[in-house]
Amino acid sequence: MEQQKHIKAEDAALVERWRRGDISAIERLVGKYQGRIYNLILKICANPDTAAELTQDTFVKTIENIDRFESRSSFYTWAFRIAVNLTLNYCKRKTTVKWTSLDVEAAGDGEQAHQALAAILRDEKSPDPSQIAENRELCRLVQIALGKLDEEQRTIIVLRDIEGMDYAQIAEVLAVELGTVKSRLSRARAALRQLLEAL
C-alpha cells in the first residue's frame, strides 16, 4: 500500500513536469508503462501488430489529453483506462477479429514449441519435467479458453487475474461501479471455468 502511494506521488510529479513542458518526464512515464500497456492490449486482442499500434495510440491520447488528467486517480489507471477503451472500441469495430492463442504451439508452430520444451527438459537445473509439462498444458488451455470469452469478460480477467489490479482500480479503468466489477468478474470466471472444463 505504501509502495502504491509512492508510485502515485512519483507519477503525479512527472505529470506536473510534463505539463510544464519537460519532455524527459513524458519519456519516463511512457517508458515506465508502455510494456505493461502493450501486454494488456495484446492479451485482449491477441495481435502483436494491433497491440503495438494501440499502445502507440494510447500514449498519443494521453499526451493530447494530459490537461484533462485529474490527480484523483493515478496516471497508471488513467492510462490503462484509455488503453482498454481504445482496445474494446477496436474489437467492436472489427467484429470478425479472430482471437488466436499467444502460445507458440497453439499458434501453429508446434515444432518450435516441442524443441523449446525438449531443451528445457534436458537442462538438469530446470524444475521437475512433469511440472513444466503440466504448466505448459494448463497455460495453453487457459489461453484457448480466454480466446473464447467475449472482449468484456477477457478484459476483466486480464485486469484482475493477470495484471493483479484491485477492484477499485478495475472500477476506475472500466468506469463502472465496484459492485459491477465484482459481478462481471464472477460471471467471467464462471464462463472461463466452464470453457476449461469443456477443454
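At 0% relative accessibility, Thr-58 counts as buried, where buried means under 20% relative accessible area, exposed over 50% and partly exposed in between, with a 1.4 Å probe and protein chains only. The model that holds this residue is predicted, so to speak of local features a pLDDT of at least 70 is needed, and side-chain atom pairs count only at pLDDT 80 or more, while totals for chains, interfaces and linings use all residues. Residues are numbered from 1 along each chain as its sequence is written, and side-chain values use heavy atoms, with hydrogens and water left out.

Thr-58 sits in helix H3, which covers residues 48-64; helices (H or I, at least four residues) and strands (E, at least two) are DSSP runs numbered from the N terminus. A polar atom of the Thr-58 side chain lies 2.8 Å from the backbone oxygen of Leu-54. This separation can be read against the definition of a polar contact, a pair of N or O atoms within 3.5 Å; within protein, one must be able to donate a hydrogen and the other to accept it, and residues adjacent in sequence count only if both atoms are side-chain atoms. Beyond its neighbours within four places in sequence, Thr-58 is in contact (heavy atoms within 4.5 Å) with Ile-37, Ile-41, Ala-79, Ile-82, Ala-83 and Leu-86.

The chain has 9 helices and 0 strands, and its pattern along the sequence is α-α-α-α-α-α-α-α-α. Of its 199 residues, 37% are buried. Among contacts with a separation of 6 or more, 62% join residues 24 or more positions apart.

The interior comes next. In soluble globular proteins, nonpolar side chains tend to be buried together. A nonpolar core is a set of buried Ala, Val, Leu, Ile, Met, Phe, Trp, Tyr and Cys residues joined through side-chain atoms within 4.5 Å. The largest such core here has 48 residues, and those with the most contacts inside it are Ile-37, Leu-40, Phe-75, Phe-80, Ile-156, Ile-157 and Leu-159. Two or more residues each are given to this core by helix H1 (2-19), helix H2 (23-45), H3, helix H4 (75-93), helix H6 (129-148), helix H7 (151-162), H8 and H9. H4 supplies the largest share, 12 residues. For Leu-40, the contacts beyond four places in sequence are Phe-80, Ala-83, Val-84, Val-158, Leu-159 and Glu-163.

Leaving aside neighbours within four places in sequence, Leu-14 is in contact with Ala-25, Arg-28 and Leu-29.

Helix packing can be followed at the other end of the numbering. Two packed helices are described by the angle between their axes and the distance between the axes. Axes are lines fitted to C-alpha atoms, for helices over the stretch in contact, and angles run from 0 to 180 degrees between N-to-C directions. Helix H8 (residues 167-174) and helix H9 (residues 178-198) pack at about 100 degrees, with axes 9 Å apart. That makes H8 roughly perpendicular to H9; angles under 35 degrees count as roughly parallel, over 145 as roughly antiparallel, 65 to 115 as roughly perpendicular and the rest as oblique. In this packing, Tyr-167, Ala-168, Ile-170, Ala-171 and Leu-174 of H8 meet Leu-178, Val-181, Lys-182, Arg-184 and Leu-185 of H9. By class, the contact has 8 nonpolar, no polar and 2 charged residues; Ala, Val, Leu, Ile, Met, Phe, Trp, Tyr, Cys and Pro count as nonpolar, Asp, Glu, Lys and Arg as charged, and the others, Gly among them, as polar.

H7 also packs against H9: their axes come within 9 Å and cross at roughly 105 degrees, and the two are therefore roughly perpendicular to each other. The contact of H7 with H9 has 7 nonpolar, 1 polar and 6 charged residues.

Ala-175 follows H8 and is partly exposed, with a relative accessible area of 48%. Its phi is near 55 degrees, a positive value in a residue other than glycine.
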